Amino acid sequence: MSQWRLPENLKDLLPEQAKKLELYRRLLLDLFDRKGYKMVIPSLLEYVDTLNAHGKDLDLDTYKVVDQLTGKMMGVSSDLTTQTARIDDYLSKDQNINKLCYAGPVLRTKSLRGQSRELYQVGLECFGDRDLMADIEVQKTLIESLKLLNLKDIVLDINHLDLYSMIISRLGLDDQQKSEVAQAMMMKDISSLKKLLKKFKDNKYAEMLLSLLGMYGDKKIIHELELFDSSDRDIKKIIADLDTVVENLEGVDVKLSFDFSDIRGYQYHNGLIFSAYSKTFKSVIAQGGRYDNLNNNRPATGFSMDLRYIVSHS
């Protein structure tokens with residue numbers, strides 16, 4: 001084995017790619033600054049106890065090391081979003097709206113197929129604003145960011161996680177059942193989901209959950225939710241939110257799609273979540289959404305992208 005060989009799914013950025021990444025970083029941070037977001041630089045290391053508070057997935061993504069000073073277990077930064085939420089908690093004693101952004105490297109124990117375990121994560125977070133227009137501002141800023149990087153044929157895929165959460169709560173599942181159902185949903189495994197819901201025969205919420213796997217498409221799919229129960233207050237609120245998103249984003253030259261089975265990050269996300277795609281890339285190029293449950297129920301929404309992935313594939 002060559003002494004110069006890097007570990008699997010890690011790579012250097014050569015001069016042209018490194019130059020492009022720095023250019024993109026500067027363009028995005030300048031845009032965020034104009035939008036009122038203040039930059040923070042989170043620590044490279046966190047105590048594992050802090051990271052465990054943000055869900056099992058993040059814990060599994062995190063490299064662990066022992067602090068030689070205290071003997072406590074620490075984690076190498078694997079997601080700047082959660083670290084920025086910790087910084088907001090420190091800054092927001094008055095509970096005012098706080099808009100923060102970041103750019104820096106993170107390391108993950110595993111990667112998506114063909115991607116690096118080392119990311120250069122750039123993003124922004126808006127804390128303290130529960131209004132739907134905060135979500136829409138974040139989505140518009142994401143679209144503007146991707147266009148600034150000259151990315152073409154952008155598709156923004158949207159879901160409202162309150163729909164899934166409402167159905168699960170009304171089914172009355174225990175924690176183990178919730179975990180198994182969520183796994184089947186994320187795998188789009190309808191046969192496994194049917195088996196898990198077999199004991200809920202003739203239960204309308206079990207039928208609604210199964211229906212979500214087939215509910216994706218353009219804005220027309222939104223009003224198919226009325227078929228569940230057009231008089232249900234929660235469903236009417238979800239439809240109204242999605243209609244408002246469409247009204248505000250239709251004029252920004254991106255394709256909007258909706259996938260009501262996408263429950264990515266359901267452990268801490270709520271409300272609107274979204275993923276951005278482009279024909280140039282095989283995988284998602286940016287993700288975001290609302291996560292009011294992460295930090296003492298403080299409202300929050302934001303997005304992030306991996307500049308290493310973008311410069312390596314564009």
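Tutor: Buried means under 20% relative accessible area, exposed over 50%, and partly exposed in between, with a 1.4 Å probe and protein chains only. Helices (H or I, at least four residues) and strands (E, at least two) are DSSP runs, numbered from the N terminus. This is a predicted model, in which local features need pLDDT of at least 70 and side-chain atom pairs count only at pLDDT 80 or more, while totals for chains, interfaces and linings use all residues. Residues are numbered from 1 along each chain as its sequence is written, and side-chain values use heavy atoms, with hydrogens and water left out.

Take helix H6, residues 161-171. Its buried residues are Leu 161, Leu 163, Tyr 164, Met 166, Ile 167, Ile 168 and Leu 171. What covers them? After H6 comes Gly 172. The phi of Gly 172 is positive, near 70 degrees.

Now the contrast. Leu 44 sits in the loop between strand E1 (38-39) and strand E2 (45-47). Leu 44 counts as exposed because its relative accessibility is 54%. Leu 44 still has neighbours from elsewhere in the chain. Leaving out residues up to four places away in sequence, Leu 44 touches Gly 75, Val 76 and Ser 77; contact means heavy atoms within 4.5 Å. Ser 78 is 34 residues from Leu 44 along the chain. Their C-alpha atoms are separated by 8.8 Å.
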